[in-house]
Amino acid sequence: MLLKPNIKLDRITDITPLILERYNIDSLILDVDNTMSTHHGNVLTDGLLDWLNLMKENGINIIVLSNSKERRVKPFSERIDLPYISLGLKPLPFGYFRAIKKMSAKRKNTAIIGDQIFTDVLGGNTVGVKTILLTPILPESGLSFKIRRRLEKVVFKLYKIKKTEV
Ligand SMILES: [Mg+2]
């Protein structure tokens, strides 16, 4: 079930310290596009800074792992004061391993948070971290995304992916 997330929620701010505790998660790998802002957008999703502070106050390690280029990921991550890895090549495992190492975390206590089944979730499950799938903030334009999102809908049905009770 490499395509099925452990947790499905709508927004990043729906993730609470209590949920993380329930799943024994103390370290988070964060996606950028459509997770913390719209696709290639620069507006932070509502409540993001407060949420990041809440996580830090609860001792949660955080790192950004994005497939986007340095020129997108660096300024974004610096703005929210987080370490980052750009050109992450998700769903390949290398970026995840680098992220886990940088946080000195353990795979079983780490979760990837992202909006895409075929990159964020697939890679996370392959590597053996927990996977938290969010609803994309806004639908992307472009054919490749339309195809991907349609295939995701098939996976949702096939694996009966439903919102996690909190
Ligand atoms: Mg994304």
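Helix H6 covers residues 143-158, 16 residues in total. From first C-alpha to last, H6 reaches 23 Å, close to the 22 Å expected at 1.5 Å a residue. The model is predicted.

Which residues of H6 are buried? They are Phe145, Arg149, Glu152 and Val155. Seen down the axis of H6, these buried residues fall within an arc of 110 degrees, so they line one face of the helix. An α-helix has 3.6 residues a turn, so residues three or four places apart point the same way.

What does the buried side meet? The buried residues of H6 pack against helix H5 (117-127). The face turned away from that side carries exposed residues. Among them are Lys146, Arg150, Lys153 and Lys157.

Phe145 has a charged neighbour as well. Arg148 lies over the face of the Phe145 ring, at 4.4 Å from the ring centre. As for aromatic pairs, a search of the whole structure finds 0.

Asp33 lies in the loop between strand E2 (27-30) and helix H2 (48-57), and Asp115 in the loop between strand E5 (110-114) and H5, so the pair ties together parts that are 82 residues apart in sequence. Are Asp33 and Asp115 buried or exposed? Both are buried.

How values were computed
Residues are numbered from 1 along each chain as its sequence is written. This is a predicted model: local features need pLDDT of at least 70, side-chain atom pairs count only at pLDDT 80 or more; totals for chains, interfaces and linings use all residues. Side-chain values use heavy atoms; hydrogens and water are left out. Helices (H or I, at least four residues) and strands (E, at least two) are DSSP runs, numbered from the N terminus. The expected span of a helix is 1.5 Å times one less than its number of residues. Buried means under 20% relative accessible area, exposed over 50%, partly exposed in between (1.4 Å probe, protein chains only). The arc is that of the directions from the helix axis to the C-beta atoms. Contact means heavy atoms within 4.5 Å. Rings of Phe, Tyr and Trp (its six-membered ring) pair if their centres lie within 6.5 Å; planes under 30 degrees apart count as stacked, over 60 as edge-to-face and the rest as tilted. A charge sits over a ring if NZ of Lys or CZ of Arg is within 6 Å of the ring centre and within 35 degrees of the ring normal.
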